Amino acid sequence: MNRVWHILGMVFIMGGSSWGIIFHPDGEPNLATWTDRPPQALVGRWGSNASCVAISPNCVITTQHQGVSTGIPVVLDGKTYQVRRLWLHETADLCVAELNDADLRHYVTLNDSSDEIGSLLVIAGYGNGRGAILQTFGIVYGYEYDRLSNETLRLGTNRIDSVASRAESEDTLVADFDGLLRADSTQYECIPAQYDSGGGWFLFRDSAWKLAGLSQSVESHYEQGHHGDPEYLIPYQAWFNTRSYPVRPDPDQVQAVRIQPYLSWIKAILCHARGGDINQDGAVNLLDFAVVAEFWSRCDCLVNRECSGADREPDGDVDFEDLSCLIEHWLP
């Protein structure tokens, strides 16, 4: 059967309960003891209906479909910022936003590899949690969303199953919501829900967490005999078994906008948003060039506070991309 997707902000992804990303009842993580995960401060709350991820000291990235505009409040690590400027990709469901008066300490590097398939990932977002259990003949096949607000951050695990391409649109990463303790399931198996749109899909690569995708859409459900008919859509549910025969696995699929194909577009925006005034003296000149020269070829900028600002993208090193960023703003 052909799968039909709905956007998580319009079921593209929506969200809900005290557990938000949807977990199995016995598969919920304890964030106080679960340490091999990205810092919670990387993920923000976008307005009242979505999530976002910090990717530089003054920028976040999210999806477009939930609605984006300047002035939207973004909450990161307990502090609220206002969106100052926006950049929207022409074909992909991506939005980069510059925040007013932000100097974020926690932000993530972008994944630059194309071998994501099979990788274990952590999914994070401010979406709905698990609501009522769904059963047929007393056998659980899924869960309702709790339909609450996007005020609780949740993190879980999954595995990237495939990469899909949409003609003249974006590439997407695909995962599914397996039943707990099945061969393909992960420790904290989860699926995004309402308000998780724009939340991060994180991979651990080269000793650091990297952003591989942004939650976008989940598989749709319909009344029996009406597959694909919007009049019979069953919203706000996550299934891992077949409803009519609940002992048969049929995990919902979920998609994320893939980051890797859009690295150049994103990095150019980060450079523009940060400018070239590295030493923050009000001008872009030889003093700023001296900082780039001092840290030239360094590859430890992720743990060295961006090499005093010389890593302008930032992507962990100081190279010709950073020099180009400086030249773009030279002596305005």
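The model is predicted, so local features need pLDDT of at least 70 and side-chain atom pairs count only at pLDDT 80 or more, while totals for chains, interfaces and linings use all residues. Residues are numbered from 1 along each chain as its sequence is written, and side-chain values use heavy atoms, with hydrogens and water left out.

**Ile22**
- Ile22 is found in strand 2 (residues 22-23); strands are DSSP runs of E, at least two residues, numbered from the N terminus.
- Ile22 is buried, at a relative accessible area of 0% (buried means under 20%, exposed over 50%, partly exposed in between, with a 1.4 Å probe and protein chains only).
- Among the residues that Ile22 touches are Arg130, Tyr143, Tyr145 and Phe177 (contact means heavy atoms within 4.5 Å).

**Aromatic pairs**
- The structure holds seven aromatic pairs (ring centres of Phe, Tyr and Trp, the last by its six-membered ring, within 6.5 Å; planes under 30 degrees apart are stacked, over 60 edge-to-face, the rest tilted).
- Tyr143 and Phe240 form a tilted pair, with centres 5.7 Å apart and planes at 35°.
- Tyr143 lies in strand 12 (residues 139-145) and Phe240 in the loop between strand 21 and strand 22, 97 residues apart.
- Tyr145 and Tyr236 pair edge-to-face, at 6.2 Å and 65°.
- Tyr145 is buried at 5% relative accessibility, whereas Tyr236 is partly exposed at 22%.
- Tyr143, Phe177 and Phe240 form one aromatic cluster.

**Charges over rings**
- Arg130 lies over the face of Tyr143, 6.0 Å from the ring centre (NZ of Lys or CZ of Arg within 6 Å of the centre and within 35 degrees of the ring normal).
- Arg147 lies over the face of Tyr236, at 3.5 Å from the ring centre.

How values were computed: Helix = DSSP H or I, 4+ residues; strand = E, 2+ residues; numbered from the N terminus. Lists of a residue's contacts leave out its neighbours within four places in sequence.
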